[in-house]
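Here is a short report for a first look at this protein. Start with the overall layout, then move to one strand and its neighbours.

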Amino acid sequence: MTTPEFAHSGPTAAGPDVDLDCEFLPGDLTPAGLVSIGLTAGPGRSLYAVNADMDVAEVLRHPFMREHVWPHLPLTPDGFLIRSHPDVLSYDEIRQRVEAFFAELGDDVTLWVYCGAQDVIRLHTLWGNDWSVMPDTVPQWADDLARLRRLAGGAKLPPYSGRPHHALDDAEHQRRARAYLMSHIERPA
């Protein structure tokens with residue numbers, strides 16, 4: 001069955017697709033609330049950053065974060081964040097790296113998330129959610145795999161092969177899942 005709404009969205013030949021995932025403290029939109037961010041535009045075109053300015057005490061107080069997110073960060077054997085690790089960056093450095101990542105891809109990127117409204121907000125929060133200062137190359141909106149899944153008749157996602165709740169592994173899984181779902185959607189003739 002051809003779905004007319006699909007004809008107006010999805011990947012285009014004009015620009016690359018980027019998959020985004022963030023780990024964050026629920027309800028905390030300050031720089032301290034971002035734990036990590038993962039972006040991938042395919043093999044060799046990825047960005048992963050852990051926020052050195054996160055509220056570590058709050059992350060460790062939150063049971064889900066402590067059990068499912070914290071263990072995937074660069075940690076010492078006794079469980080402390082390795083602040084000298086190359087993936088651990090200040091919030092300002094993360095903003096600069098994200099800006100450079102998108103600038104390198106150009107201004108016609110399609111951003112993808114999975115049930116990711118909060119992920120897009122965290123991305124935009126790097127610029128204070130002020131689109132007047134956010135670089136034009138950073139997408140203002142995203143397409144969602146949840147919609148593709150519905151268009152694919154509720155197809156199950158392929159098995160996960162990474163570390164769940166590791167922002168880059170999740171973004172890479174989204175990329176594979178998106179390709180899988182796209183293969184289950186009839187395209188208009």
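What pattern does the protein follow, read along the sequence? The model is a predicted one. Its pattern is β-β-β-α-α-β-α-β-α-β-α-α. That gives six helices and six strands. The radius of gyration is 17 Å, close to the 16 Å that the globule rule gives for 189 residues, so the protein is as compact as a globular protein of that length.

Some whole-protein values follow.

| Property | Value |
|---|---|
| Box filled by the C-alpha atoms, along the principal axes | roughly 55 × 35 × 30 Å |
| Buried share of the 189 residues | 46% |
| Accessible surface | about 9500 Å² |
| Part of that surface on carbon and sulfur atoms | 55% |

Contacts reach across the sequence. Of those between residues at least 6 apart, 66% join residues at least 24 apart.

Now take strand 5, residues 110-113. Which way do its residues point? T110 and W112 point one way, while L111 and V113 point the other way. All four of these, T110, L111, W112 and V113, are buried.

Strand 5 has pairing partners. Strand 1, residues 17-24, runs parallel to strand 5 and is joined to it by three bridges. There, D17 stands opposite T110. Strand 6, residues 143-144, also pairs with strand 5 in the parallel sense, over two bridges. Here V113 has D144 as its bridge partner.

What do strand 5, helix 4 and strand 6 make? Together they form a right-handed β-α-β unit, with helix 4 spanning residues 117-125.

How values were computed. Residues numbered from 1 in each chain as written. Predicted model: local features only at pLDDT ≥ 70, side-chain atom pairs only at ≥ 80, totals over all residues. Heavy atoms only, no water. Buried < 20%, exposed > 50% of the residue type's maximum accessible area, 1.4 Å probe, protein only. Helix = DSSP H or I, 4+ residues; strand = E, 2+ residues; numbered from the N terminus. Pairing = 2+ DSSP bridges. Right-handed = clockwise from strand over helix to strand, strands pointing away. Rg over C-alpha atoms; globule rule 2.2 N^0.38 Å. Contact = heavy atoms within 4.5 Å. Areas by Shrake-Rupley, 256 points an atom, 1.4 Å probe, with all protein chains shown as cover.
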